[in-house]
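Student: Could we go through this model together? I would like to begin with its charged pairs.

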Amino acid sequence: NAEGGEKADLLFHYTITRATNNKILIRLMDTISDMMQRMLKSSRAELYKGKYTPELLLEEHLRIYEAIKAQDPVLAQKHMIEHLTGVEEEIIKNMK
């Protein structure tokens with residue numbers, strides 16, 4: 001369901017943040033998590049009007065996870081930037 005997807009999405013990003021052990025990033029994520037959850041809820045409908053589907057989001061998350069698991073920070077960063085940029089562009093495009 002949509003609510004489960006939103007929670008899983010937030011948890012995925014939050015878990016990566018916690019794994020960095022970067023106290024500043026963790027504090028930032030703690031601070032914005034409520035806002036991020038509201039944003040995910042409202043933006044998902046816009047996101048799904050374009051190329052994104054739950055399956056594509058999962059695929060992008062899996063690529064990020066696999067790069068982290070392989071301890072390849074360059075690839076993990078590349079996949080994360082592609083994911084965040086793609087989602088951002090799709091939301092902006094569909095809100096116009």
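**Salt bridges and confidence**

Tutor: R63 is partly exposed, at 32% relative accessibility (buried means under 20% relative accessible area, exposed over 50%, and partly exposed in between, with a 1.4 Å probe and protein chains only). This is a predicted model, in which local features need pLDDT of at least 70 and side-chain atom pairs count only at pLDDT 80 or more, while totals for chains, interfaces and linings use all residues. Residues are numbered from 1 along each chain as its sequence is written, and side-chain values use heavy atoms, with hydrogens and water left out.

Student: Which residue forms a salt bridge with R63?

Tutor: The partner is E59, with the closest N and O atoms 3.0 Å apart. A salt bridge here is a side-chain nitrogen of Lys or Arg within 4 Å of a carboxyl oxygen of Asp or Glu. E59 is itself partly exposed, with a relative accessible area of 42%.

Student: Where do E59 and R63 sit relative to each other?

Tutor: Both belong to helix 3, and because they are 4 residues apart there, about one helical turn separates them. Helices (H or I, at least four residues) and strands (E, at least two) are DSSP runs, numbered from the N terminus.

Student: How many salt bridges does the structure hold?

Tutor: It holds 3. One of them joins K78 to E82, whose closest N and O atoms are 2.8 Å apart. K78 and E82 lie 4 residues apart in helix 4 (residues 73–95), about one turn of the helix. K78 is partly exposed at 42% relative accessible area, and E82 is partly exposed at 39%.

Student: And which residue meets K93 in a salt bridge?

Tutor: That is E90, with an N to O distance of 3.3 Å. K93 and E90 are 3 residues apart in helix 4, again about one turn.

Student: Is E90 buried or exposed?

Tutor: E90 counts as buried, at 5% relative accessibility.

Student: Changing topic: what about A19, where is it placed?

Tutor: A19 is in helix 1, which covers residues 2–19. A19 is exposed, with a relative accessible area of 59%. Its C-alpha atom is separated by 32 Å from that of K93, 74 residues apart along the chain.

Student: Lastly, what is the mean pLDDT of the protein chain?

Tutor: The mean is 87, and 95% of the residues reach 70 or more; pLDDT is the predictor's confidence in each residue, from 0 to 100.

Student: Which elements have the lowest and highest mean pLDDT?

Tutor: Helix 2 (residues 23–47) has the lowest, 83, and helix 3 (residues 54–69) has the highest, 94.
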